[in-house]
Protein chains: 2
Amino acid sequence: MLKATLLSVGDELALGQTVDTNTAWMSQQLAGIGIDVVLHQTVPDDQAAIERAILAAASIAPLLVVSGGIGPTDDDLTRQALAAVLQAPLELDESWLARLHEFWHKRGRAMPEMNRIQAMIPRGATMIENTAGTAAGMFATVSGCEVFVLPGVPKEMKIMFERDVLPRVRARGGGATIASRTLHTFGLGESAVAELLGDLMARGRNPSVGTTVSGGVVSVRINARFDTPNQARDALDQAATLCRHKLGHLVYGQDDDTLPAVVNRLLIDRRATVTTAESCTGGLLAKYLTDVAGSSACFRVGFVVYHNQAKYERLGVNLEMLNVYGAVSEPVVDAMARGARRLAKATYALAISGIAGPDGGSPTKPVGTVCIALTYPQDDDPRETGTLMRTFNFPGDREMIRDRAAKMALALLRFRLLGEPVPF
Amino acid sequence: MLKATLLSVGDELALGQTVDTNTAWMSQQLAGIGIDVVLHQTVPDDQAAIERAILAAASIAPLLVVSGGIGPTDDDLTRQALAAVLQAPLELDESWLARLHEFWHKRGRAMPEMNRIQAMIPRGATMIENTAGTAAGMFATVSGCEVFVLPGVPKEMKIMFERDVLPRVRARGGGATIASRTLHTFGLGESAVAELLGDLMARGRNPSVGTTVSGGVVSVRINARFDTPNQARDALDQAATLCRHKLGHLVYGQDDDTLPAVVNRLLIDRRATVTTAESCTGGLLAKYLTDVAGSSACFRVGFVVYHNQAKYERLGVNLEMLNVYGAVSEPVVDAMARGARRLAKATYALAISGIAGPDGGSPTKPVGTVCIALTYPQDDDPRETGTLMRTFNFPGDREMIRDRAAKMALALLRFRLLGEPVPF
């Protein structure tokens, strides 16, 4: 089993001002290809500390991924530390310098002089292209340890890690193979999903089955560890089939699938469109639908009717209904959905109104109360419509309540598109 | 200045299944009493790796705080590793064993046999009481380095850290205090901000000034390190004033301030409202505005006009204009903003249309091209309007382009509300 270590560089990390999410992400990626991370180190922007950490890492494992400290400012010292442990001078990379000039030129400005340092790399190291920023990465070998240096900006780091680091280290992985698949569910809690999976999750099984939660999405992670890729893949397929059998339509996708992408695909397959009428989510549902490139094929227009007056003026929600039932009520989201569907001439309409907090709750409608309506054409006569309505109570803070509400609206639409009953 | 290192133990951390928040918290606590954290290490539940990390830490700094690996199960090995580096046997602590029995007795159960290990400590170490759980901590001296071992459960760790670790190390710390403040900017890159700050960022200065970037927000972190809290606060205030002087209105807030919250506050102070007309951002701008509780006072309605037909049907954008100039053009965002403002009867309107990618780019309008319009009332005659229009080229992927476009729209509105020229 190949071992690796990680090193994060930055005062903001060492001082605890920023929580390091890069290393957790990289560890997951490496674990997924059967590489054991045996040490993470985090050091401040201090050249001696960075050098010491690189040397310590090189003595422990044959692979090191460093992130951070390659920005253009004086406190970015990873480049200098790498040069020092390599005992090599920093040299100018003309082609990256040209790329930097081009980067600034496109923005109609001259490159600031300080960015020139980002085109310098230690002699003997090679550059790793950064398509999302100015900090190119570096690759070098220190005392037999392969060292990758990536930017600390998560977005840039991830692109480069997936494109350059993973393929290269996967080729070296050797020995056992881990084949992994992750099934995604939304709507039930982690323990409810675990109960459905039952003894598939028992410890010590191979493939192993475990659950993780992120943003309300409960994911089932299956790892099959076998001597050959074929064995691993076959065992993985079997285990995944068993898990899907236990979870049924609760599984909306796997690996890179997202709920918005799955809903987009279902709509486009059916040549159907959806519109949105949002109050408490304030545009987040529309944002999720349009996260997916090409979503204009199924989403043309959405309405953010945050204020009651807007619900009336824009979507024709009856003012008396708003007064009698309140904005957070099933009759109101029903009227919002019907109004939006009529204006947008869409096949489906989703409406959301709720109390995202922190204020505005009451004993009968506490913070977290969210009403969602889905208006759809009747199967037997598409000129007739039906509406599915649900009231939820989501836990958490404002951000979490809004997120769960928007995802739940997508989940409801997905079950409708599948012609399946909603399990919650 | 006293230096310290931190060590976190746990497979879930090394595998990246859990993001380590303990070390960030501990680093902040230590920084607050003037102790420099020069290294964080994270290792899996592997005795050899824990031993190696303890010895490495002891060789670097005279203080080490370890968290995790002292639970009752077989994979908790920090206790054994500490004993190994101390070359001391584990011995039973009768008084803690009695406490454990009492803990379970209170819950009407007998102590599981496996928990007995939690009453064992290496000879020569002392126990640190845990009032919130069964994992007592340990204190020992390894090669002159004071080692505190605490549970990994954040709640238990924090109680013990504050009660036992902080007072003890404060007495040793030599009394320095660090006071910190972060100023936030949006719109210029990190190197442009650094150029404006000039030699305020020079290394070795106290207070120190450094920059970090997150989600396009370039933040300026100021740390003042002095003997007394008063000195630190005064020096911090002075340094912050200097930074603000260099950056001017580019600074939109500090510490917990967010761009949406600042824009909400400016609008509400002026009894003004804003509406949104979004194409490529698909609702994200409205979502940002409504991230802030109470935003219905300044944001009533927003339009997501993702498809060209929606721009025409909903906002009255001229079809010929769409054909001649294209949806991503200044005339079109101007018309979108004017249409939305009229319908919403809002003081201001922001419109965004762009090419978020990954497809849809062309040589003249590559992916990342985004047009933004802000329609506002003229100061001398509020019945008359003006429109500010800008075309940007944002780097990165679809998510990043959409994020930067929505934030840029907020930034433009902020400058208008301040009556200041837009610096980009």
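Student: How do α3 and α4 of chain A cross?
Tutor: The axes of helix α3 (residues 47-60) and helix α4 (residues 78-86) of chain A come within 9 Å and cross at roughly 55 degrees. That makes α3(A) oblique to α4(A). Oblique is what remains once angles under 35 degrees count as roughly parallel, over 145 as roughly antiparallel and 65 to 115 as roughly perpendicular. Axes are lines fitted to C-alpha atoms, for helices over the stretch in contact, with angles from 0 to 180 degrees between N-to-C directions. Helices (H or I, at least four residues) and strands (E, at least two) are DSSP runs, numbered from the N terminus.

Student: Before I go on, what are the ground rules here?
Tutor: This is a predicted model: local features need pLDDT of at least 70, side-chain atom pairs count only at pLDDT 80 or more, and totals for chains, interfaces and linings use all residues. Residues are numbered from 1 along each chain as its sequence is written, chains are lettered from A and ligands numbered from 1 in the order in which they are written, and side-chain values use heavy atoms, leaving out hydrogens and water.

Student: Which residues of α3(A) meet α4(A)?
Tutor: Gln47(A), Ile50(A), Glu51(A), Ile54(A) and Leu55(A). Their partners in α4(A) include Leu82(A) and Val85(A). Contact means heavy atoms within 4.5 Å.

Student: New topic. What's the strand order in the open sheet of chain B?
Tutor: Four strands run β10-β11-β9-β12, with antiparallel pairing. Strands pair if DSSP finds at least two bridges between them. β10 (208-214) and β12 (251-254) of chain B stand at the edges with a single partner strand each, so one side of each has no neighbour in the sheet. The twist averages 25 degrees from one strand to the next.

Student: How many bridges join β10(B) to β11(B)?
Tutor: Seven. Gly210(B), for one, has Arg221(B) as its bridge partner in β11(B).

Student: What lies across β9 and β12 of chain B?
Tutor: Helix α14 (residues 398-418) of chain B, at about 95 degrees to β9(B).

Student: Which residue does Arg402(B) meet in a salt bridge?
Tutor: Asp291(A), at 2.8 Å, N to O. Arg402(B) lies in α14 of chain B and Asp291(A) in the loop between α10 (284-289) and β14 (299-305) of chain A, so the pair joins two chains. The cut-off is a side-chain nitrogen of Lys or Arg within 4 Å of a carboxyl oxygen of Asp or Glu.
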